[in-house]
Amino acid sequence: MGLDGAIARRQGLRAFKGTTNMANIPLILHQYDISPFSQKAQKMMGLKGLSWQSVEMPMIAPKPDVEALTGGYRGTPVLQIGGDVYVDNWMIARALDHVSPKTPLINARGPLRDGAIYAWGERLFTPLLHSALAAYKDQWDADFLADRKRVFPDVDFDALEVHDAERLSQIRAYLGAINAELKLCGGFLGGERADSWDIHAWGLVWMIKSALPEVSPVVDYFPALMQWYDRMTQIGTGHREDAEIEVAWRALKSSEKRVLPPSDRDEPLYEWVGRSVTVLPGSTDRGGAQGRLAAVDYEQAVLVVEPLPGIEAQVWFPRFGYHIRKSRTDEQTCPKKMPASKRPGLFV
Ligand SMILES: N[C@@H](CCC(=O)N[C@@H](CS)C(=O)NCC(=O)O)C(=O)O
């Protein structure tokens, strides 16, 4: 057995033969390849050995198809399984483990540990993003640059330098931690098998290795990290088929939707269920999604939207890092502001 076979065997997979998911509904990833976040989702497919379809979305707004599917979110990646649409790698990992529980689990460690590495990866993205903006902003055409200035309103593009020792040192701190962890745990951060820790860390090292030559020597300095990066690359991306947006509309029309989780009465937003809301990604402006809040708990918020006339989709958002606002039209029917006399004597 060659290297690919050995890795696949260790992962409990048949080498590069995609398996379908439990429900046998096509997995459609709306994405574009040169995003580290899309790469993470693709690697999840590889880790589980799944068959999937890729529908390429534009890299800049407007993105009418994906915005219709999600109610307005425009980021990559988005996973569609029939009438259910999952936003963000956090929800994508959970959805894949749900539809394919017998293949190696992505979130194998428990909510807090899986959540911790997800958050760690989001944090490492900031210095890498700054390196990427510094390196490429002068090469991008005006439309792309203007779009990314809208996506990252808090970043001062003009202040970013390609050579920034402090930023490199920050990045090195994160990478050094992966390298040290690898020495403790074996071939993968997950031990014998890759899991969420490997996926979330790998996507960011992929970003360095594929697009940031200024940063790349920092990776090369850590041998365990380099070897792990190669092992992760070898896992591949499952069985991919490129498709057009029509597959998404067909899947939407012909599939059942997932049963929603019950909304918990203790959930602070319980009263908002059934009302019109907007969900906004907190960190960067990847577009607000509008729809009817169908369920909310500490794990997800689900919006019902209407991508095609008379055809609804359920859009699943993480609670980590996403904010829910009442839509303006619904303001009168939602809970009123607390009167000043009842406000607590503490403001932070
Ligand atoms: N936490 C999100 C982050 C997604 C994200 O930031 N994606 C970037 C691509 S690198 C994006 O959507 N950029 C704007 C765009 O493509 O429209 C996830 O893991 O899915």
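This is a predicted model: local features need pLDDT of at least 70, side-chain atom pairs count only at pLDDT 80 or more; totals for chains, interfaces and linings use all residues.
Residues are numbered from 1 along each chain as its sequence is written. pLDDT is the predictor's confidence in each residue, from 0 to 100. The chain averages 90, and 88% of the residues score at least 70. Two stretches stay under 50. Residues 1–5 form one of them, and the model has seven contacts for this stretch beyond four places in sequence. Residues 12–18 form another, with 17 such contacts. A contact is a pair of residues whose C-beta atoms, placed from the backbone, lie within 7 Å.

Now the overall fold. The chain has eleven helices and ten strands. Helices (H or I, at least four residues) and strands (E, at least two) are DSSP runs, numbered from the N terminus. Of the contacts with a separation of 6 or more, 72% join residues 24 or more positions apart. Of the 348 residues, 39% count as buried. Buried means that 20 or more other C-beta atoms lie within 10 Å of the residue's own; exposed means 12 or fewer, and partly exposed is in between, with C-beta atoms placed from the backbone.

Next comes the ligand. Its shell holds 14 residues, and the closest are Ser35, Phe37, Gly75, Asp88 and Asn89. A residue belongs there if its C-beta atom, placed from the backbone, lies within 6 Å of the molecule. Helix H2 (36–48) and helix H4 (88–99) are the elements that give two or more residues to this shell. By class, the shell has five nonpolar, five polar and four charged residues. Here Ala, Val, Leu, Ile, Met, Phe, Trp, Tyr, Cys and Pro count as nonpolar, Asp, Glu, Lys and Arg as charged, and the others, Gly among them, as polar.

Look at those two helices. In H2, 13 of 13 residues are buried. Gly49 follows H2 and has a positive phi, near 65 degrees. H4 has twelve residues and reaches 17 Å from first C-alpha to last, close to the 16 Å expected. Ten of the twelve residues of H4 are buried, among them Trp90, Met91 and Arg94. Asp88 lies in H4. Asp88 counts as buried because it has 25 C-beta neighbours inside 10 Å. Its phi is positive, about 85 degrees, although Asp88 is not a glycine. Most residues other than glycine have a negative phi, and most peptide bonds are trans.

One joins Ala61 and Pro62; it is cis, with omega about 0 degrees. Pro62 sits in the loop between E2 and H3. The bond from Thr76 to Pro77 is also cis, with omega near 0 degrees. Pro77 lies in the loop between H3 and strand E3 (78–81).

Finish around H3. Lys63 is in the loop between strand E2 (51–56) and H3. Lys63 is buried, with 21 other C-beta atoms within 10 Å. Beyond four places in sequence, Lys63 contacts Met57, Pro58 and Arg74. Lys63 and Gly75 are twelve residues apart in sequence and 9.4 Å apart, C-alpha to C-alpha. Asp65 is in helix H3 (residues 64–70). With 17 C-beta neighbours inside 10 Å, Asp65 counts as partly exposed. Asp65 and Trp249 are 184 residues apart in sequence, yet 9.5 Å apart in space, C-alpha to C-alpha.

How values were computed:
The expected span of a helix is 1.5 Å times one less than its number of residues.
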